[in-house]
Amino acid sequence: MAPSAYIAPVGDSALIFRDDIFKGKVLFCTGGGSGICRAMTEAVMRHGANAAIVGRKLDRLTQAAKELSEATGQVCIPTQADVRQPKALQEAVSKTIEKFGRIDFVICGAAGNFLAPISGLSENAFRTVMEIDTIGTYNTIKATLAHVRASKGSYIMTSATLHYNGTPYQAHVSAAKAGVDALSNVLAVEEGPHGVRSNVISPGPIANTEGAARLASVAGKDSPYPLGRPGDVRDVGNATIFLFSDAASFVTGQILAVDGGSEHLRTTQLPYPASVLDPSATLKVLKARM
Ligand code: HXC
C-alpha cells in the first residue's frame, strides 16, 4: 500500500471536552505508573478528577503521582500493590477511599508482555501473564465493585487487538486479553442494572510508550498506517475521557479499538502464505506494526 499523504492530527482534548467534566470524581488505575495507563490517568485528571495509581514499583509510582499532580493541578496518590494479590489490592482500595471517600472510575490496565513462541513458553511464563492480565483484572473488579456501584461508576479494561487473529509469539497475551474482553462483557451485563458500565479499550500501535520504544529496536521502518501515523498515548486518553463521560452513558459492554484502522490493514496485509514456509517473515511484519 502506498503511504498516505494524509496524516491525522492528534485530537486536543482541551479543545474538545469541558475541563471540569470529572470534577469531584475519583479514578483508580492499575498500571497507572507508566505508559498508556499513565496517559489515560492524566487525561482523566486534566478534566477534574483525582486519582490513585496502582503498581508494583513504589519509586516509579511515587514519581508518576507527583508529576501527574503537578501537571494537572489535581491530587494523585501512589498505592503500591501487585494485582495478582487480592489482599494488597484491597489495601490499595482502602487507602483510596480513606483519601478521597469514593471511587467513580476504574481502569484495569496492569499487564505483562514479551515475545515468545508457544514451544519456548514455560508453564510459569504463560501463567504469569494470565495472572497479571486476566486474574489481575478480575481481582481489581472484585476489590472495587462495591464502591463503583455506590457511585454508579464505570470501568475501562485495557486490552489489545492481537487476539483477533493468531498472532505468533503472543499466545500468552492473546489468551489473557481474550479473557479480559470477556470479563468486561459479562460485567457490563451483570452490573448494568446497578448503573455500572464497563467497556474495553484496545490500543493498536502506540508510538510513544516504553514498550513501543523497546520493540522499535527490532521494527522495520516501512510500517504503513491507514491514518498516516501510529497512535499516540493521547489518542487513548481521548477515548478514555469519552467512555467515562456522560456522552457514553448508553455505551456499555463495548470493545473499542483505538488503532487508526491498523487491525483491518494487518489482517489483509500479513504475508500468510509466506508465513507457512517462513514464520520469521510474519514476525518481521508483526514487529514492524507493534
Ligand atoms: C520467555 C519469559 C520472558 C521472556 C519472563 N519470562 N520474560 N519467558 N521470554 N522474555 C518467564 C520467566 O522465565 C518465568 O518463567 C516467568 O515468565 C515469570 O517471569 P518473572 O520475571 O519471574 O515474573 P515477573 O517478575 O512477575 O514479571 C513477568 C513479566 C515482566 C510481567 C513478564 O517481565 C514484565 O513486567 N514485563 C514487561 C511488562 C510490560 O511490557 N508491560 C506492558 C504490557 S503491554 P520460568 O519458567 O522461568 O519460571 C500489553 C499490551 C499487549 O500487554 C499488546 C501489545 C501489542
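## Basis of the model

The expected span of a helix is 1.5 Å times one less than its number of residues. Helices (H or I, at least four residues) and strands (E, at least two) are DSSP runs, numbered from the N terminus. This is a predicted model: local features need pLDDT of at least 70, side-chain atom pairs count only at pLDDT 80 or more, and totals for chains, interfaces and linings use all residues. Residues are numbered from 1 along each chain as its sequence is written.

## Overall fold

The protein has eleven helices and seven strands. Of its 290 residues, 44% are buried. A residue is buried if 20 or more other C-beta atoms lie within 10 Å of its own, exposed if 12 or fewer, and partly exposed in between; C-beta atoms are placed from the backbone. Two residues are in contact if those C-beta atoms lie within 7 Å. Among contacts with a separation of 6 or more, 76% join residues 24 or more positions apart.

## Nonpolar core

A nonpolar core is a set of buried Ala, Val, Leu, Ile, Met, Phe, Trp, Tyr and Cys residues joined through C-beta atoms within 7 Å. The largest one has 64 residues, and Val44 and Ala51 have the most contacts inside it. Helix 2 gives the most to this core, with seven residues. Leaving out residues up to four places away in sequence, Ala51 touches Val26, Leu27, Cys29, Thr41, Val44, Met45, Leu68 and Cys76.

## Helix 4: one buried side

Helix 4 covers residues 86–100. At 1.5 Å a residue, its 15 residues should span 21 Å; the end C-alpha atoms are 21 Å apart, so the two values agree. Leu89, Ala92, Val93, Thr96 and Phe100 are buried in helix 4. They lie on the same side of the helix, because they cover an arc of only 100° around the axis. The arc is that of the directions from the helix axis to the C-beta atoms. An α-helix has 3.6 residues a turn, so residues three or four places apart point the same way.

The buried residues pack against strand 1 (26–30), strand 2 (50–55), strand 3 (76–80) and helix 5. Lys87, Ser94 and Glu98 are exposed, on the face turned away from the buried side. Just after helix 4, Gly101 takes a positive phi of about 85°.

## Helix 8: mostly covered

Helix 8 (residues 233–244) reaches 17 Å from its first C-alpha to its last, close to the 16 Å expected. Ten of its twelve residues are buried. Among them are Asp235, Asn238 and Thr240. The packing partners of the buried residues include helix 1 (13–16), helix 2 (35–45) and strand 4 (105–108).

## Ligand shell

The ligand has 15 residues around it; Ala111, Gly112, Phe114, Ser122 and Ala125 come nearest. A residue is near a molecule if its C-beta atom, placed from the backbone, lies within 6 Å of it. Helix 5 (residues 123–151) gives the most to this shell, with four residues.

By class, the shell has nine nonpolar, six polar and no charged residues. Ala, Val, Leu, Ile, Met, Phe, Trp, Tyr, Cys and Pro count as nonpolar, Asp, Glu, Lys and Arg as charged, and the others, Gly among them, as polar.

Lys152 has a positive phi near 50°. Lys152 sits in the loop between helix 5 and strand 5. It counts as partly exposed because it has 13 C-beta neighbours inside 10 Å.

Tyr169 has a positive phi near 70°. Its loop runs between strand 5 and helix 6 (171–191). Tyr169 is buried, with 20 other C-beta atoms within 10 Å.
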